[in-house]
Amino acid sequence: MTTSLEPLRRIAAYAVCADSNGRVLLVRASERSGTPGTWSLPGGAVDHGEDPKHTVVRETAAETGLSVAVAGLQDVLADMRALPERRITIHTDRLLYTVSVRGGTLTERVDRPTDLARWFTLDEARELPLRLFTARALGLPTSTDDIVPEEVPEFPSFYAVPGPDGLHRAQRFAAYAVVTDPEERVLLTRVSDGYPGAGCWHLPGGGTDYGEQPGAALIRELVEETGQTGRLVELLGVASHRDAASLGPEGYPIDWHGVRAFYRVVVDQPAPPTVADIGGSTCEARWFRREELGALPTDRLTEVTAEAVQAAHLL
């Protein structure tokens, strides 16, 4: 039974690393882990306030003894697994980065969650017990011994806990869309009063639900916030922003860390935008022509919006 397990969420970043011979770098889970003997990409949990690109460099060095440089974002995945022996169920949002080795020497680790690091050809990796997300990242057949929860557990979309300094802190993964239509107009939403960024123009999207893939969450949020039906085109990037004392409808300061994947989405048959979730964080949705978007002052755009539209070459 997995319905009685405590649900947890985390964000993690991993390295997809190949050498000059096409071999991939993998690490083995030790007896101290929840999946002993399985192999996966190097990486691990994103610390509060940490940029995921820094996470993947730090974790790869710790697990393998190699220093790597991040070349780009490859994919974003989400999965759930149950660990009955720990009485928990974990939803993990996994950011996969392509990296290259700068130097170092492969190191074995004793009494750590991962104990070996090795290079494998894809044919060799195919014969290993791989974690599901690792097999997907490498384009290999997926088979796993992970226990998947029988039902998606209830978990709040917003979850803040007291930090070591007594200030509440929250880390949240979200998916956002850079939405265009056949006329190359861009769809933006305006943040309601009482929410961080009130009055600013923002990307459609929001926090993903427990057990939900980011692409599916994005298309759902697009309908709820704007009334538009879109199709996912490509992953553009990931933004990591921290506000050390964010103030929202909760009414008290929160050390907030948002990790946001943003995608290009096309609406083939645009309609006048409508906001279905009245009283929520979105009060308006509007199509902008390119010249109108370019004329908006930068302080009228949220931080992630400015970063995403530049990545999409719309500004």
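Biologist: Hi! What should I know before I start?

Modeller: This is a predicted model, where local features need pLDDT of at least 70, side-chain atom pairs count only at pLDDT 80 or more, and totals for chains, interfaces and linings use all residues. Residues are numbered from 1 along each chain as its sequence is written, and side-chain values use heavy atoms, with hydrogens and water left out.

Biologist: What order do the strands take in the open sheet?

Modeller: The order is S3-S2-S7, three strands with antiparallel pairing. Strands here are DSSP runs (E, at least two residues; helices are H or I, at least four), numbered from the N terminus, and two strands pair if DSSP finds at least two bridges between them.

Biologist: Which are the edge strands?

Modeller: S3 (39-40) and S7 (114-120), each pairing on one side only.

Biologist: And how many bridges join S2 and S3?

Modeller: Two, in the antiparallel sense, with S2 spanning residues 24-29. Arginine 28 has tryptophan 39 in S3 as its bridge partner.

Biologist: Switching to aspartate 115, where is that found?

Modeller: In strand S7.

Biologist: Buried or exposed?

Modeller: Aspartate 115 counts as buried because its relative accessibility is 17%. Buried means under 20% relative accessible area, exposed over 50%, and partly exposed in between (1.4 Å probe, protein chains only).

Biologist: What does aspartate 115 touch?

Modeller: Leaving aside residues up to four places away in sequence, Arg28, Ala29, Ser30, Glu108 and Arg109. Contact means heavy atoms within 4.5 Å.
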